[in-house]
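Please look at the chain shown here before reading the report. The headings follow one topic at a time.

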Amino acid sequence: MMADYQFGKGVGKVLFDDHVTFLLSKTKRIRQIRSDGERLATVRAKDGFFTLSMKGASRIHLFLKAPALRVVVCDDAVPFVSKGKTAFAKHIISIDSTLRAKEEVLITDRNDRLIATGQLALSPDEIMTGNYGVGVFVRNGIEKEDNPEE
């Protein structure tokens, strides 16, 4: 239910199949959701929302059609963002206008290939009109090893 609220109707069933396992914190709260030993998502302790691994992001990417949850970066930024480097506003060429700052997003190239996942730093309007500053704090890129603590 929380995944549907955060990412859109139907995402919960796609993201978390019947074979997920849970990694609990010391206080017995859900910390990570895993499938086949790989992290799909981590529950943020401060607000209960999910942060995504690349595996979790790719499940959502296949389910939701563009432009949903997407931030598209220019060709010059793809090699850096795919390694987990910050996506700056000046490199963002389009964005889902329904997003809000601090939301988890899927970062793609012009051809809608998923290259990274992260947290939106600014609102879509600020990104598209400002052309400066951090656009997305990238958590994981396709060429960066997944960090389960993020």
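The report below describes a predicted model, starting with its sheet and ending with single residues.

Strands of a sheet pair through backbone hydrogen bonds, and the pairing can be parallel or antiparallel. In this model, six strands form an open sheet in the order E6-E10-E9-E8-E5-E7, and the pairing is mixed. Strand E6 (87-88) and strand E7 (92-95) are the edge strands, each pairing on one side only.

Strand E8 (residues 104-108) and strand E9 (residues 114-120) run antiparallel and are joined by five bridges. Across this pair, Glu104 stands opposite Gln119 of E9. E8 and E9 form a hairpin with five residues between the strands, and there Asp112 has a positive phi near 60 degrees. E9 also pairs with E10, again in the antiparallel sense and over five bridges. In this second pairing, Gly118 is opposite Val138 of E10.

How many residues of E9 are buried? The count is seven of its seven residues, so E9 is mostly covered, where buried means under 20% relative accessible area.

## Helix H3 against the sheet

Helix H3 packs on the sheet, where it touches strand E5 (70-73), E8, E9 and strand E10 (134-141). The direction of H3 makes about 100 degrees with that of E9.

H3 spans residues 54-63, and its buried residues are Met54, Gly56, Ala57, Arg59, Ile60 and His61.

## The nonpolar core

The largest nonpolar core contains 38 residues. Within this core, the residues with the most contacts are Phe7, Phe16, Ile60, Ile107 and Val136. E9 gives the most to the core, with four residues.

Two of these names return in other parts of the report. Ile60 is also among the buried residues of H3. Phe16 is buried, with a relative accessible area of 19%; this counts as buried because the limit is under 20%. Leaving out residues up to four places away in sequence, Phe16 touches Ala3, Ile33, Leu40, Ala41 and Phe50.

## Two aromatic pairs

The model has two aromatic pairs. In one, the ring centres of Tyr5 and Phe49 are 6.1 Å apart and the planes lie at 20 degrees, so the pair is stacked. Tyr5 belongs to helix H1 (residues 2-7), while Phe49 is in the loop between strand E3 (38-43) and strand E4 (50-52). The pair therefore ties together parts that are 44 residues apart in sequence. Tyr5 is exposed, with a relative accessible area of 63%, and Phe49 is partly exposed at 22%.

What kind of pair do the rings of Phe16 and Phe50 make: stacked, edge-to-face or tilted? Their centres are 5.3 Å apart and their planes are at 55 degrees, so the pair is tilted. This pair also links distant parts of the chain, 34 residues apart: Phe16 is in the loop between helix H2 (11-15) and strand E1 (20-24), and Phe50 is in strand E4. Phe50 is buried, with a relative accessible area of 6%.

Ser82 sits in the loop between helix H4 (78-81) and E6. Is Ser82 buried or exposed? Its relative accessibility is 2%, so Ser82 counts as buried.

Beyond residues up to four places away in sequence, Ser82 touches Ile115, Gly141, Ile142, Glu143 and Lys144.

## Lys144

Lys144, which is one of the residues touched by Ser82, lies in the segment after E10. Lys144 is partly exposed, with a relative accessible area of 26%. From C-alpha to C-alpha, Lys144 and Val73 are 17 Å apart in space, and they are 71 residues apart in sequence.

Technical notes: Residues numbered from 1 in each chain as written. Predicted model: local features only at pLDDT ≥ 70, side-chain atom pairs only at ≥ 80, totals over all residues. Heavy atoms only, no water. Buried < 20%, exposed > 50% of the residue type's maximum accessible area, 1.4 Å probe, protein only. Helix = DSSP H or I, 4+ residues; strand = E, 2+ residues; numbered from the N terminus. Phe/Tyr/Trp six-rings, centres within 6.5 Å; stacked < 30°, edge-to-face > 60°. Pairing = 2+ DSSP bridges. Contact = heavy atoms within 4.5 Å. Axes fitted to C-alpha atoms, helices over the stretch in contact; angles between N-to-C directions. Core = buried A, V, L, I, M, F, W, Y, C linked by side-chain atoms within 4.5 Å.
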